[in-house]
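Subject: Structure for your files

Hello,

Here is the structure you asked about, with the sequence. My notes come after it.

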Amino acid sequence: MSTSAANEYVQSIIKSFEIDAPLLKRLTSKYIESMENGLSHSSGGKSHLPMIPTFITSLPNGTEKTDILACDLGGTSFRCLYIKLQGNSKFTTEMKKWEIPSDYLAEEGRDLPENAFFDYLANKIVNFVQYHNSNDENQELLTTKKNFNLGFTFSYPVEQTALNAGNLIRWTKGFEITSVVGKDIVELLQKSIDSKLSSVPEEKYPFTISCVALCNDTTGTLLSGAYTSTYDSQDIVDPIMSIICGTGFNIAYMEDLKSCTKLTAEQMEFISSKSVTEMCINTESGSFDNELSVLPVTPYDKIVDEESTNPGYHLFEKRISGMFLGEILRLVIVDLIDKQFLLEPKPSKKQYRHKFSLKTEVLSHIEIDDSKDLKQTELYLIESLGLRTTTEQRHFLQQITRAISRRSAYLVSVAISAIIIKSGRLDPKSPKYKYHQELEVCCDGSVVQYYPGFKSMIRHGLSLGSLGHEGERRVHISMALDGSGLGAGLAALTASK
Ligand code: GLC
């Protein structure tokens with residue numbers, strides 16, 4: 001390829017990742033429409049957002065004071081937590097964490113029976129509680145059989161039918177255990193816990209464990225954001241939604257109960273009897289526009305989707321989250337090698353052809369590399385892909401990296417704008433409008449937390465898109481403290497309300 005042809009080709013790649021103001025606005029309108037349809041239709045369809053009711057109908061205010069048990073299944077790890085809420089927006093946790101063995105992941109786990117993975121989780125939970133119980137300063141507890149209420153963060157799309165019941169719609173983020181799809185996650189976990197507890201004499205485990213709340217990580221983040229930010233706060237803040245942007249991407253927010261028209265008459269009657277007016281909705285935003293009616297599509301997005309464990313689904317997430325940003329850049333690099341713009345690495349260093357071999361963390365270094373001749377980038381590319389580059393090529397790759405991350409952040413801004421607009425908080429005619437209020441967006445996840453400039457790029461997207469500058473300046477983006485862990489505990493607490 002001649003230099004000018006190469007230049008042109010790279011510029012066309014950068015262009016393909018661009019999202020301009022009109023497209024931001026079109027995406028936002030589509031997102032609002034997709035939310036509205038999702039609130040009135042079942043969660044499984046492709047043409048609208050899943051909008052899953054969580055049966056959490058109020059947020060904590062920071063004054064809650066009690067001890068709670070929680071566990072959290074993330075993309076690659078499992079954690080058990082014993083949380084002490086101190087009643088002043090503060091808390092302490094005792095925690096254990098395990099990496100999920102590869103036997104349960106991807107193809108290796110595909111054909112496992114439905115109880116296998118839950119037996120593994122139950123084993124960890126029971127041993128953790130046993131360990132905690134035997135170390136508990138209050139030894140009296142050991143003399144009577146104690147029940148621990150458990151909140152379970154399970155960050156996959158689940159059709160929730162009650163606070164403590166929900167069927168797995170599909171796996172995302174690397175799991176494939178087919179026998180679990182369509183099953184009630186809480187029932188499976190509870191069965192495995194009970195069977196573990198009954199397999200040994202009562203003296204060994206002088207307690208019972210009841211899984212009382214199933215919680216998505218975004219729901220947990222909203223609960224945790226509300227608990228940690230409201231007590232004693234000088235600012236007028238209002239946690240309006242929570243975002244996870246790490247391995248996966250998702251948003252939860254509080255919706256008017258009367259808009260959740262897909263709730264059955266029985267569910268509605270039960271909830272209304274508690275005199276509440278709102279419910280937290282797990283939007284499963286990763287699944288926005290799976291029909292690709294407005295979302296931009298590059299050739300690299302198509303390959304990412306084809307090689308993923310859930311082709312055709314979570315297409316929004318595949319343009320946003322940490323699991324995929326590295327893969328998008330790797331596919332661009334493969335293309336540039338195939339076009340002979342980049343030099344093919346020596347045969348012994350062919351890792352650049354391995355799917356998902358480029359971690360998003362590498363992009364975060366390239367993004368802000370200002371070393372002479374981009375020497376840092378040079379080292380990262382050699383180390384991660386065996387790729388040798390010239391200074392000029394590295395400059396191109398940096399521009400492409402920035403285009404990929406900017407697109408990701410702009411897409412996040414679309415979802416934020418849509419939820420704010422739909423909520424009426426910026427509309428002076430709406431009862432939800434409050435003149436002096438900041439709209440707090442509680443975040444968690446490695447990309448939003450660590451990717452350099454990500455939050456600023458979101459803000460830029462907010463101001464360029466449907467919120468405009470006036471709306472953007474009302475938005476307060478904060479980091480929530482351990483949304484998935486603390487949040488699961490707080491969800492368990494709502495079970496007793
Ligand atoms: C995936 C899951 C969703 C989760 C998100 C963030 O999109 O489907 O449930 O909240 O990842 O972890």
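Below are the notes, covering the ligand site and then the nonpolar cores.

Please keep in mind that this is a predicted model.

Ligand site

The ligand has 14 residues around it, and those that come nearest are K173, N216, D217, E284 and E317. Sorted by class, this shell holds 4 charged, 6 polar and 4 nonpolar residues.

- E317: a polar side-chain atom at 2.4 Å
- N216: an N or O atom of the side chain at 2.8 Å
- H314: a polar side-chain atom at 3.0 Å

On its own the ligand would expose 310 Å², and the protein buries 98% of that area.

In soluble globular proteins, nonpolar side chains tend to be buried together. Here the largest nonpolar core has 107 residues, and the members that touch the most others are Y31, I400 and F454. Helix 12, which spans residues 391–423, gives this core its largest share, with 15 residues. A second core is separate and has 40 residues, among them F154, V180, V186 and L214.

Which residues is Y31 in contact with, leaving aside its neighbours within four places in sequence? They are L49, T283, S285, F288, F316, V414, A415, A418 and I419.

Regards

Key: Residues are numbered from 1 along each chain as its sequence is written. This is a predicted model: local features need pLDDT of at least 70, side-chain atom pairs count only at pLDDT 80 or more; totals for chains, interfaces and linings use all residues. Side-chain values use heavy atoms; hydrogens and water are left out. A nonpolar core is a set of buried Ala, Val, Leu, Ile, Met, Phe, Trp, Tyr and Cys residues joined through side-chain atoms within 4.5 Å. Buried means under 20% relative accessible area, exposed over 50%, partly exposed in between (1.4 Å probe, protein chains only). Helices (H or I, at least four residues) and strands (E, at least two) are DSSP runs, numbered from the N terminus. Contact means heavy atoms within 4.5 Å. A residue is near a molecule or strand if one of its heavy atoms lies within 4 Å of it. A polar contact is a pair of N or O atoms within 3.5 Å; within protein, one must be able to donate a hydrogen and the other to accept it, and residues adjacent in sequence count only if both atoms are side-chain atoms. Accessible areas come from the Shrake-Rupley method with a 1.4 Å probe; for residues, only the protein chains shown count as cover. Ala, Val, Leu, Ile, Met, Phe, Trp, Tyr, Cys and Pro count as nonpolar, Asp, Glu, Lys and Arg as charged, and the others, Gly among them, as polar.
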